[in-house]
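Below is a short report on one structure, written for someone seeing it for the first time. Please look through the sequence and the model, then read on.

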Amino acid sequence: MKDQSATGEGPNFFERAFDVVRQIPQGRVATYGQVATLMGEPRKARLVGFAMHQSPGLSGGVPCHRVVYADGSLTPGFAFGGPGEQRRLLVTEGVTFTKDGKVDLEKHRWEAGV
DNA sequence: GTAGTGACCACAC
DNA sequence: TGTGTGGCCACTA
């Protein structure tokens, strides 16, 4: 059966990933690995990325643009409808970038419970 | 039911 | 210090 959640102990992996991402406040960002860790699955960072790919997007309440690589880099570009789109959204929310074009994680890294 | 894919992360050289 | 590779797991076709 599909039962996605398999264990039946809660929503499937995607739903849980979306739930964590929804908790990221405006002006803050989190890494894929961080989201996975919050889910209790630190080794499933790749799945988080795949979940974001399948996410409904902002319209679905999932600010996937607030999720970035561990080093602050943004997604390759084909996401969000075009290169720089993710960055533009983050800038609009007040997120700043380094000279390397990466998110300033030191300032905007979101930490659960904060 | 099987195989391939994927918006990652960490380690090793 | 920087680059490259492997491993991990779930979802889709």
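Asp71 counts as partly exposed because its relative accessibility is 43%. The scale is simple: buried means under 20% relative accessible area, exposed means over 50%, and partly exposed lies in between (1.4 Å probe, protein chains only). Lys102 is also partly exposed, at 28%. The side chains of Asp71 and Lys102 meet in a salt bridge, 3.5 Å from N to O. Here a salt bridge is a side-chain nitrogen of Lys or Arg within 4 Å of a carboxyl oxygen of Asp or Glu.

This pair links distant parts of the chain, 31 residues apart. Lys102 sits in the loop between H4 and H5, and Asp71 in the loop between E2 and H4. Helices (H or I, at least four residues) and strands (E, at least two) are DSSP runs, numbered from the N terminus.

## How the model is read

This is a predicted model; local features need pLDDT of at least 70, side-chain atom pairs count only at pLDDT 80 or more, and totals for chains, interfaces and linings use all residues. Residues are numbered from 1 along each chain as its sequence is written, chains are lettered from A and ligands numbered from 1 in the order in which they are written, and side-chain values use heavy atoms, with hydrogens and water left out.

## Other salt bridges

The whole structure holds 6 salt bridges. Side chains of opposite charge can pair when their charged atoms come close. Arg16 pairs with Glu41, with the closest N and O atoms 3.9 Å apart. Arg16 belongs to helix H1 (residues 13–22), while Glu41 is in the loop between helix H2 (32–38) and H3. They are 25 residues apart. Arg16 is partly exposed at 30%, and Glu41 is partly exposed at 23%. Shared partners join Arg16, Glu41 and Lys44 into one network of salt bridges.

Arg66 and Glu93 form a salt bridge of 2.8 Å, N to O. Arg66 lies in the loop between H3 and strand E2 (67–68), and Glu93 in the loop between helix H4 (85–92) and helix H5 (105–108), so the pair ties together parts 27 residues apart in sequence. Both Arg66 and Glu93 are buried.

## A buried histidine

Is His65 buried or exposed? His65 is buried, because its relative accessibility is 1%. His65 is found in the loop between H3 and E2. Neighbours within four places in sequence aside, its contacts (heavy atoms within 4.5 Å) are Leu58, Phe80, Gln86, Leu89, Leu90 and Glu93.

## Nonpolar cores

A nonpolar core is a set of buried Ala, Val, Leu, Ile, Met, Phe, Trp, Tyr and Cys residues joined through side-chain atoms within 4.5 Å. The largest has 18 residues. Val21, Val35, Met39, Val48, Met52 and Val67 have the most contacts inside it. H1, H2 and H3 each supply at least two of its residues. The largest share, 5 residues, comes from H1.

Apart from this core lies another, of 8 residues, among them Leu74, Leu90, Val95 and Val103.

## Facing DNA strand C

Near means that a heavy atom of the residue lies within 4 Å of the strand. Of the 7 residues around DNA strand C, Phe14, Lys44, Arg46, Leu47 and Phe50 come nearest. Helix H3 (residues 45–54) gives the most to this surface, with 3 residues.

A side-chain N or O atom of Arg46 is 2.9 Å from a base oxygen.

Definitions and conventions: Polar contact = N/O pair within 3.5 Å; in protein donor to acceptor, adjacent residues only side chain to side chain.
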